Amino acid sequence: MAKWNPDRGLLDHVHSKHWRHRLQDVSEPNLMREIFPYSEVCRIDFEHKYLIPSPSKEMLITDTTFRDGQQARPPYTVEQICRIFDFLKRLSGPRGIIRQSEFFLYTNKDKEAVAKCLEKGYEFPEITGWIRAKKEDLKLVKDMGLREAGILTSASDYHIFLKLNKTRREALDSYLAIVKAALELGIRPRCHFEDVTRADIYGFCVPFAIELMKLREESGIDIKIRLCDTLGLGVPYPGAALPRSVAGLARAMIDDAGVPGALLEWHGHNDFHKGFVNAVTAWLYGCEAVNGTLLGFGERTGNTPIEALLIERMALRATDDGIDTLAITEMASYFEKELGVHIPKNYPLVGADFNTTSAGIHADGLLKNEEIYNIFDTAKILGRPVSVNISDKAGTAGIAHWVNTRLGVTDEKMVDKKHPGVVKIYKKIMQQYEQGRVTSMSDEEMEVLARKYIPELFKSDFDELKAEAHDLAFHLIGSLVEGPEIRSMDPARIEPTLKQVIDDYPFIQFLYVVNADGKKITRNITHLKYRAKYTTFRLDEDFSDRPWFIEPMQNGKVYISDFYTSKITGALCITVSAPILNNEDEIVGILGMDIRFEDLAKMEQDEED
């Protein structure tokens, strides 16, 4: 037979019924001892058949953080599951790249977690269940109102003969029976081909898949197949032989069993450090979805890390599809700070030192251009600026980079490795290592040194109070000049308003208004104890040469002076002034106020206490 393939633009060969693979019901298990000798490291053999990549169209991800991932750690609370599910939603993006998340359904806590997550109403990830191949378990799925459930359908003779104590025919018949029962209930089955990388692919797996596709056609309900590399035995190498070839497994299901790639998932483990590369290989050879967990949690060596799959998908497809990549960093922080999970410092993408260098020559490169030694803009994509780990190997370049990055120094204020303060810090650090220190410098230790030798980069408490005074004064005077009494330019209406302001804001030393010629039209409105000191100021006195008058008249903006000592009271003050506009938005005068900084600082301290 031949069938047109619109994607490739050629006719595909399709096996007729005479060539279809049938179950080989053997009398004893085929444990493939020549490949899996057990007393030796398992072997990788090749059949030298090179397959052409045929990538899946969507490259989706499915999640098993709450199922397989939870089997590797203390159980999550319901509240924790809900919080993690929120992270999955953000990582999924608007298109649902993380398409599904599977849950246990057996305990009351499991059921409560499912119910709470369903209440969120998220379209993606869709919540699915996981059950044993037992009909009574289907009731759990139905009662929770879920549309899909994973069913454990072990595929290798290791499981069929040695665990289930069945023949291949008995196992196949029992699996098909539970699938039919699920279809009758309107539940979408997802068959987990457990231990597929030690299974007889054409003697059991392909025939089983063919029968599943027949049931799909008869029922009109999709049946998914999850290829489970239970022991991490899969290999991504071109020409590798089945059952260990990931590419071969994907193509056997698609080409020989007739399973649409959209119904195929890969589930891998990391026993031989191939969990991630095997997962991506499955994508490249047609599996639509790859199953993983956040941070790779899973039995033994763990599953494929979802955060790594997201980044790899972006690299393969040149789009982020709206995925909130900052949630990767926030998720990892939640696991560490709230759940007490230890993430190794060198763990890719989220470890404390994943984008940190200790080598001085690398730090020198980073100081010149961070692209030289950073994987991508980690500050933008992950919210993690590249950093330098300070030790005796960091050099002055590393110290300069730490200062600029840690303290957020930019533009002309950035220091380089020749800065005198950097050189002094370097000498102090090297003294410690010459005296026997072996650990790296902590950020806290570095900050102490930086404050001592480059103090100009730090905001003091005084600097922060100055900024607060500027901000408060700006908003206060801005609202005052909008009032109808001030805009009237009528001293009889203005002065009572200014007296009320003085009462409300004791830190104001005095207030006054001048006209467009710079002549005072109000008395100096001040506190009782200062009134005698301001009697020398007359009405009509000319202030047109003062900066607080000139600048607002010229640019129409609020003016704030530098700090100065008042000649009248001896207090540290700032002068603030703003233009007064008439109904035609013409400047008709200037409102000025002097603020006593010390009184403002005391008020701020009292409010904090």
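Q: Where's the place of Asp 321?
A: Asp 321 sits in the loop between helix H9 (306-317) and helix H10 (326-337). Helices here are DSSP runs of H or I with at least four residues, strands are runs of E with at least two, and both are numbered from the N terminus. Bear in mind that this is a predicted model: local features need pLDDT of at least 70, side-chain atom pairs count only at pLDDT 80 or more, and totals for chains, interfaces and linings use all residues. Residues are numbered from 1 along each chain as its sequence is written, and side-chain values use heavy atoms, with hydrogens and water left out.

Q: OK, and what's phi of Asp 321?
A: Near 50°, a positive value for Asp 321, which is a residue other than glycine.

Q: Does Asp 321 count as buried or exposed?
A: Asp 321 counts as buried, at 16% relative accessibility. The cut-offs are under 20% relative accessible area for buried, over 50% for exposed and partly exposed in between, using a 1.4 Å probe and protein chains only.

Q: What about Met 59, what's phi there?
A: Phi of Met 59 is near 55°, again positive in a residue other than glycine. Met 59 is in the loop between strand E2 (10-13) and strand E3 (60-63), and with 5% relative accessibility it counts as buried.

Q: Which residue lies over the face of Phe 124?
A: Arg 99, at 4.7 Å from the ring centre of Phe 124. For a charge to sit over a ring, NZ of Lys or CZ of Arg must be within 6 Å of the ring centre and within 35 degrees of the ring normal. Arg 198 lies over the face of Tyr 158 as well, at 3.7 Å from the ring centre.

Q: How many aromatic pairs does the structure hold?
A: It holds 17. Rings of Phe, Tyr and Trp (its six-membered ring) pair if their centres lie within 6.5 Å; planes under 30 degrees apart count as stacked, over 60 as edge-to-face and the rest as tilted.

Q: Why does the pair of Phe 85 and Tyr 122 count as stacked?
A: Because the ring planes of Phe 85 and Tyr 122 are at 20°, with the centres 5.7 Å apart. Phe 85 lies in helix H1 (residues 78-92) and Tyr 122 in the loop between helix H2 (108-119) and strand E5 (126-131), so the pair ties together parts 37 residues apart in sequence. Phe 85 is buried at 1% relative accessibility, whereas Tyr 122 is partly exposed at 29%.

Q: Which residues form one aromatic cluster?
A: Phe 85 and Tyr 122 are in it, along with Phe 66, Tyr 76, Phe 87, Phe 103, Phe 297, Tyr 334 and Phe 335.

Q: What's the geometry of the pair that Phe 510 and Tyr 512 form?
A: That pair is tilted, with 4.9 Å centre to centre and 35° between the planes. Phe 510 is buried at 9% relative accessible area, and Tyr 512 is buried at 4%.

Q: What is Trp 548 in contact with?
A: Leaving aside neighbours within four places in sequence, Trp 548 is in contact with Tyr 512, Val 514, Phe 543, Tyr 559, Thr 575, Ser 577 and Ile 590. Contact means heavy atoms within 4.5 Å. Trp 548 is in helix H19 (residues 547-555) and counts as buried at 9% relative accessibility. Trp 548 and Ser 577 are 29 residues apart in sequence, yet their C-alpha atoms are 5.9 Å apart.

Q: Last topic: in the largest nonpolar core, which residues touch the most other members?
A: Phe 193, Leu 212, Leu 227, Met 253 and Phe 335, out of 99 residues. The largest share, ten residues, comes from helix H6 (residues 201-219). A nonpolar core is a set of buried Ala, Val, Leu, Ile, Met, Phe, Trp, Tyr and Cys residues joined through side-chain atoms within 4.5 Å. Apart from this one lies another core of 27 residues, including Ala 469 and Ile 494.
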